[in-house]
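Here is a short briefing for a reader who is meeting this structure for the first time. Please look over the sequence and the model before reading on.

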Amino acid sequence: MDYNEVKVNLRKFGFPLSTVNALNQIQTIINGETSRKQHLNEDLAMDLISEFIFCETNEEGKSTKPMSRIRYLELLVMICEYFNKTKIKPDNDNCCGDTALNAIFMTLFPQFGAPPQRTNMLVSLVSLAISTYSNLILQSAGVQMQQLGCSSKYSSQLADGLVKKFFTFISSNSSSLHLLPQNAPLFTANLMTSLSELYFNTKTPDTNMIIKEPPRVVLETVVQWINSDPCLCFTAHYTDLQRALPSGAIPMAATLPFLGLFRWCFFAPLCVKNNNDLELYSELHCALIESVMQGWKVYSEQNPRVSRPYTLSVHSVVPQQLKDLIEETIKLNDPVTMHAVEIVVERLTQSIHAAIISDTIFGNKQDLVNQLESLPENDVLKTLIKRIQV
Amino acid sequence: MMEMKKHQEDQFTKLAVFLSETKQPFINVQTAQITCAIELLKVLPAAQDAVFEYYAKFFDYAISTYLKQLKVQPSWVESSSTSSRLEPLTIPPEIIENVTNIRDVLLRLVEEDHLVWAPVVLHWSYKLLGKVSKHYNMHEFARMPLGDMLRFWSQCSVAYILVDINNKTIAKMMKAEGEQSVDSMIETMLGYKSSSFEWVLAQIGDSFPSLVIKDMLLCGIKEMCITKKFKHTEKLNSFIRILDHLSITYFNNIKDVVFKLFKLSLGEEHQKMTIENIAIVPFLLHMAMCSSTLLKSMLCENLTQITPEVLNKLLPLYPQWKKYFDEQCSLLDIMVQVLLNADRGIKHVLNLIFQLIDCDDPKLKILKTGAQTLFELFLAELEYSLRTNRTTPPIVKALVTNLHSIKLYLLSTNINVAQPAGRLLSCIAIRDQECLLPYIATMLIECENSTQLETLVEILSFGVNMAHFDGGLVYALVKTDVSLSNVWSNINTLLSLESDPPEGISLYGVSLAVVSHLDKICRSMIECCHSGDMHSAHLLSSILSKIATKLCMKEMSVPKVLYCVKAAVLYFFTCLFKEKDEMFKLKACLRMNKFVNTVSYRSSIARTAAMKYILDGVLKEPFSLLFVMPDNRRNDYIIQPLERTSLMGSFFQQEFNLMFGEEISIKFDKDELHPKYKTPVFDAKSVRFNEQRLVSFLRSCYSSDECYSFEPTLDTVVSLALLVVQFVSPDVMYNGLPWPDEDFTKVTIERDVHIYHTITTKPILWTILGILAGHRPALCYCSVLLRAVCACLINHWGAVNHTKGKSKDNRQLLDDTVKLLNTMSLGQLLPKPLDVLGVIVPELTPQQILIVLRDCVWTYTRDHIPAPALFLRNNIGGMWRDTTTVAVPKPYSDSLRLTMIENISQFGDLYARLFTNNKQQSMET
């Protein structure tokens with residue numbers, strides 16, 4: 001079929017049908033015929049997506065007015081149902097989803113080449129998918145996130161959007177959130193990594209050096225997830241992405257949420273004022289240490305062939321911002337804040353200790369000692385340094 | 001897994017149902033569907049936008065139904081007679097019900113978890129409001145004023161429900177989290193572009209006035225900070241309209257907000273202040289120029305909290321303010337403009353400015369000079385606009401009503417304060433001259449030192465203010481509760497300044513104004529004389545003498561002239577009577593001489609009155625005592641008579657009494673028995689002094705000479721003579737010139753005795769008679785008095801004769817005889833040789849005196865009636881009786897001759913001179 005022929009045929013239908021047909025058409029283009037040249041196929045798919053699915057362009061390829069919210073919802077439902085109805089391969093391990101669907105998802109929501117409003121679409125779609133247990137979409141999203149990097153713009157926009165449009169409106173004991181680690185572990189793990197990068201992080205340019213706290217619901221959910229499965233954080237590491245990707249694609253290295261989440265625990269005593277939240281942070285810290293100590297152990301016993309992951313890195317375990325913040329706090333010379341600093345140092349020490357015990361720390365011993373010695377004096381810290389040097 | 005699947009299907013069904021509903025026309029929408037949609041809101045965050053859009057569409061639909069009706073029957077407003085007016089537009093009830101449901105549902109959500117839902121609902125409602133108001137405004141109506149817009153929308157209940165949602169959500173947020181949480185939201189709303197959204201803000205403002213006002217102002221400030229310049233944008237106009245709307249009900253809130261904002265710029269450390277806080281004051285000033293509401297809210301009682309110290313804190317900010325003002329519109333210019341447009345609150349501003357000008361604190365020096373410059377500019381501008389424009393700046397009205405607040409400053413002793421205050425008053429007077437009067441009055445009453453007076457002079461010499469001096473004076477004199485002595489003293493000073501004005505000052509007209517209050521002055525003077533307040537009396541006399549010349553220029557009513565003459569005479573006597581200081585006494589007498597002279601020069605009535613009053617005083621106690629020599633007195637003290645009748649009362653009755661001869665009783669309301677009122681008598685020296693003064697006073701009355709040379713005319717002297725007769729003679733009978741037979745005295749003896757008694761107890765009358773004698777033939781008119789004295793003397797001497805006593809033993813009798821004879825010869829009533837009788841008499845025996853009096857005096861004058869016709873005008877202008885030609889016939893002089901012969905040893909040479917030559921002559925002939 002000629003490109004134009006495809007388009008003209010599709011144009012014969014009205015809104016709901018044209019979209020359904022376009023989706024099917026895209027599926028065939030991407031996964032079916034390989035006779036055509038790959039890049040031409042992709043071009044056609046892109047055109048079809050923007051004209052018939054997201055209605056971003058008209059027949060002449062010019063951008064149109066944004067669609068109404070109701071139609072937008074209709075479209076989301078349609079995509080969801082499309083993904084749900086598609087046959088699921090029997091060997092699916094509920095982690096990486098279907099390879100064909102992943103490819104369609106990547107085409108629908110590519111990293112580059114899509115207008116910005118499609119990011120919102122993605123957020124809404126994922127949000128709807130979480131609520132409706134549309135696991136395949138979530139799995140595809142998880143794969144996509146890992147492929148593009150959990151701290152990439154794409155992932156952080158998704159994570160941020162979800163926080164704003166989903167987490168804030170949903171209570172932390174909602175069952176869809178509880179079941180998420182079961183339904184889409186890779187997505188959950190990657191989402192945690194992305195979320196961990198959003199908060200207590202001065203690297204993000206738009207926050208303008210202001211340290212942001214995560215909303216309480218996000219914090220609660222993260223704690224709950226980690227507690228529900230100590231291995232969850234390692235999911236990205238042991239998942240074999242190759243299976244989930246179209247042929248020829250190279251899987252990207254996994255990032256684990258440990259570093260970011262540990263950072264939350266280190267910053268929290270200095271920044272957070274709310275006592276309830278502080279308790280949650282110490283809970284989070286315990287859960288993380290538990291995960292570091294136990295999670296890998298449990299998994300590696302079952303799958304001895306998988307290589308050992310790194311939970312902490314010597315170079316980034318004590319970020320400069322934390323050091324600055326500690327110095328500033330010490331200057332205040334207030335007994336309450338001094339206590340907070342002590343807690344921070346102790347948490348640091350415990351985390352590193354745990355990483356050392358589970359042998360998942362990356363880096364030079366001497367560097368680590370140097371890093372630790374720059375921190376305020378503490379008994380626990382001293383013991384740790386001694387232990388490292390021995 | 002199954003459960004999950006079921007749940008998934010469940011969700012999709014719900015979504016499908018909702019989506020299918022959205023495709024139905026709104027007219028069929030049922031309440032259940034509305035509530036069903038809300039389920040989605042809660043469980044499916046992804047469907048939120050769609051649900052809200054659905055709701056928005058429904059609202060839009062509801063409003064459009066209403067508007068469509070409006071379009072179908074647009075005449076319902078105009079045609080008031082038709083029945084359609086009775087049926088107001090209605091939106092179908094089921095629509096209203098649905099809309100209300102949506103509201104309830106949304107508000108419940110907000111109530112449940114405001115943190116999450118309030119911002120969302122608020123955002124939705126405000127967006128929708130914006131959309132709706134813009135949409136329907138653009139298409140259906142042209143740009144409307146805010147009031148019309150509000151009225152228009154207030155008829156649409158659906159729109160009101162929407163506003164209600166908005167307001168309740170804001171209220172919830174404010175209640176739960178405080179105002180800060182809403183600030184950002186309101187700020188977003190304030191970012192509206194179209195003025196059609198104004199009414200929404202006005203509505204929100206009705207519910208949260210302070211908040212909206214504050215945010216509006218802050219929004220303006222931010223904009224100014226960004227553009228670094230104040231621009232009168234459409235947005236600001238819109239804000240101003242909203243403010244105007246809110247000011248009807250929430251003026252106090254506006255005031256509070258403005259003041260709070262102002263306080264923000266008073267932060268302790270200027271380095272830490274944000275650029276917005278710094279810009280507050282310039283912004284408010286700019287805004288005050290544009291919005292009268294804001295202006296009013298700035299100039300209110302809150303200003304009383306702004307002290308010079310507070311302003312001083314703002315001083316370091318000034319350099320940073322500069323950038324918000326440009327060349328054409330500097331800070332001072334704006335303040336001047338603001339002041340010109342000010343309303344009631346101006347009094348607080350004035351207070352502040354004057355406070356600043358008045359303060360001496362070196363710390364506040366910059367502010368002080370600033371305030372001065374500002375006020376100078378302000379005055380100049382005010383004056384300019386008052387003189388050129390037909391329209392009056394609003395401030396003038398406010399100033400007029402608040403003028404009382406500057407009174408204090410007008411009377412300040414600090415020239416730096418008083419002068420601007422005076423100029424301000426003068427400026428206002430350009431337009432509203434009436435207002436000047438009370439302040440002139442107040443200043444006249446209250447000025448107590450030269451600085452204050454200087455202010456008054458400056459006010460008066462400004463423009464045509466002098467024209468109102470008269471009115472002011474009326475005000476001042478009408479006040480009964482204040483002592484007028486200060487007024488008099490000030491008037492006195494002003495009068496001196498008028499006659500000898502310093503450079504650049506013209507007080508022409510003071511005296512004219514004062515003249516019109518002559519009666520008041522006179523009354524005060526009389527009161528002062530009665531109460532013995534010589535200081536004030538002197539002051540008043542000084543005023544009188546200063547305006548004396550003007551008195552003549554102006555046509556004065558007769559009663560007034562008489563009244564002032566009366567006052568002058570009373571003052572003269574009181575001075576002699578009470579003033580201890582000789583200098584003052586003399587000065588007062590001279591001053592009165594001159595005054596009476598000036599007055600009576602023009603007016604013969606005044607002259608007569610003056611003479612009448614003088615005679616009255618002379619003849620009655622206590623002033624008659626002034627002229628009694630110590631040895632003629634019965635007591636060694638003067639008892640001031642006890643009169644219970646009210647002095648004031650009697651004076652008011654007599655005030656303008658024209659009747660001649662009416663007795664003017666000078667009464668002293670004193671307690672006779674109290675020793676305090678027994679004053680010591682006058683010694684001989686002062687009696688002589690008094691006499692001198694009286695004579696010169698009297699002379700000043702009857703001399704009619706502008707040059708003050710005291711040369712009397714005959715007429716005046718004659719009238720004096722007639723007055724003397726009138727006063728001394730008890731009735732009008734027998735007051736004529738002729739002397740009857742001696743026997744006839746038996747008929748008149750009672751009145752003769754009376755006259756004689758009067759003359760002997762008031763020896764000053766001899767002096768007066770002497771004066772008359774000197775001005776021949778005036779004495780002729782007093783012949784009745786002379787006759788009476790003569791008759792009495794003849795009788796007395798006759799009695800003495802029987803007892804064969806010596807004439808020297810009757811000292812008093814002899815004195816009177818000599819005085820009578822001397823007076824008569826001086827008046828040429830006894831021509832040569834009878835004129836020497838006075839010299840001879842003391843040496844004679846009573847018998848001889850009797851004979852002489854009978855033969856030479858009585859008989860001669862009886863036969864030669866002392867008529868003025870006997871006197872001829874001589875070559876030097878006086879009147880003269882030529883006695884050389886008209887010799888005394890023998891029979892009359894024989895007694896004298898014989899008596900002299902009897903005492904020839906003593907009168908030898910005199911006799912020779914009188915008779916020998918004469919005889920020779922007669923013998924020769």
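**Where chain B meets chain A**

In this predicted model, the side chains of Asp49(B) and Arg69(A) meet in a salt bridge, 3.1 Å from N to O, the term standing for a side-chain nitrogen of Lys or Arg within 4 Å of a carboxyl oxygen of Asp or Glu. Local features need pLDDT of at least 70, side-chain atom pairs count only at pLDDT 80 or more, and totals for chains, interfaces and linings use all residues. Residues are numbered from 1 along each chain as its sequence is written, chains are lettered from A and ligands numbered from 1 in the order in which they are written, and side-chain values use heavy atoms, with hydrogens and water left out.

**The side of chain B that touches chain A**

- Two or more residues each come from α1 (2-22), α2 (31-43), α3 (48-72) and α5 (114-140) of chain B, helices being DSSP runs of H or I with at least four residues.
- The largest share, nine residues, is supplied by α1(B).

**Extent of the interface**

- In all, 25 residues of chain B are in contact with 24 residues of chain A, where contact means heavy atoms within 4.5 Å.
- About 2,100 Å² is buried between the two chains, with carbon and sulfur atoms giving 70% of that area; buried area is the accessible area (1.4 Å probe) that two parts lose on being put together, summed over both.

**Chain A**

- Of the 390 residues of chain A, 53% count as buried, that is, under 20% relative accessible area (1.4 Å probe, protein chains only).

Notes
Buried < 20%, exposed > 50% of the residue type's maximum accessible area, 1.4 Å probe, protein only.
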